[in-house]
Amino acid sequence: MRTAICPGSFDPVTVGHIDIIKRASKLFDHVIVAVLVNLDKKPWFTIEERTDFLRKATADIDNVEIMSFSGLLADFAAQKKASAIVKGLRAVSDFEYEFQMALTNRKLDSNLETVFLTTSADNMYLSSSIVKQVGALGGDVSPFVPECIHDEILLRIKQRSNMK
Ligand code: PNS
């Protein structure tokens with residue numbers, strides 16, 4: 001049984017994340033999507049919202065489980081007996097940071113490999129920050145987030161923008 005972890009902030013989940021999670025689910029027996037609780041940057045969405053959005057958006061994928069974690073990813077991976085971390089790579093700009101994290105995680109646990117999946121061409125530019133920025137400025141975020149959670153995400157972005 002090969003378990004992989006797809007870690008991230010998912011603030012909020014995008015169609016780009018779902019594409020990577022779906023592809024990881026075909027490569028591994030069990031995929032745990034691990035949502036980081038305490039972000040350095042203050043999240044727009046609570047941990048409950050971020051995990052709830054992911055649960056709804058992955059409901060059709062049998063071998064995917066959504067969990068939250070805090071602390072070191074390497075410790076969480078060991079606790080879950082995962083052999084790999086799966087991350088999506090969009091552009092060269094992602095590489096340096098991802099490379100640093102992958103090497104750190106393997107230093108912390110020599111058995112823990114990081115597998116990079118190249119993003120689908122359609123999602124090259126996409127990020128959670130783009131979704132928040134476009135939504136807060138009244139733009140259409142429907143191409144960027146899973147359809148089943150679009151309305152909830154938009155409502156929360158609007159509520160937050162009005163609070164400012
Ligand atoms: O979606 P993100 O913000 O790129 O995800 C970053 C994440 C959650 C993968 C990264 O911040 C992380 O693994 N944090 C846990 C703390 C940790 O293990 N740090 C050491 C490895 S750099």
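The model toured here is predicted, so local features need pLDDT of at least 70 and side-chain atom pairs count only at pLDDT 80 or more, while totals for chains, interfaces and linings use all residues. Residues are numbered from 1 along each chain as its sequence is written, and side-chain values use heavy atoms, with hydrogens and water left out.

Select residues 92-108 to display helix α4; helices (H or I, at least four residues) and strands (E, at least two) are DSSP runs, numbered from the N terminus. Its 17 residues reach 25 Å from first to last C-alpha, close to the 24 Å expected at 1.5 Å a residue (1.5 Å times one less than the number of residues). At E98, α4 bends by about 25°.

Next, highlight D94, E98, A102 and N105, which are buried in α4 (under 20% relative accessible area, 1.4 Å probe, protein chains only). The buried residues of α4 pack against α3 (73-79), β4 (84-89) and β5 (113-118), contact meaning heavy atoms within 4.5 Å.

Now show the sheet. Five strands form an open, parallel sheet in the order β3-β2-β1-β4-β5; two strands pair if DSSP finds at least two bridges between them. Because β3 (64-69) and β5 stand at the edges with a single partner strand each, one side of each is left without a neighbour in the sheet.

Finally, select β2 (residues 30-36): six bridges join this strand to β3, in parallel. Here V31 stands opposite V64 in β3.

Methods. The bend at a residue is the angle between axes fitted to the seven residues ending there and the seven starting there. Buried means under 20% relative accessible area, exposed over 50%, partly exposed in between (1.4 Å probe, protein chains only).
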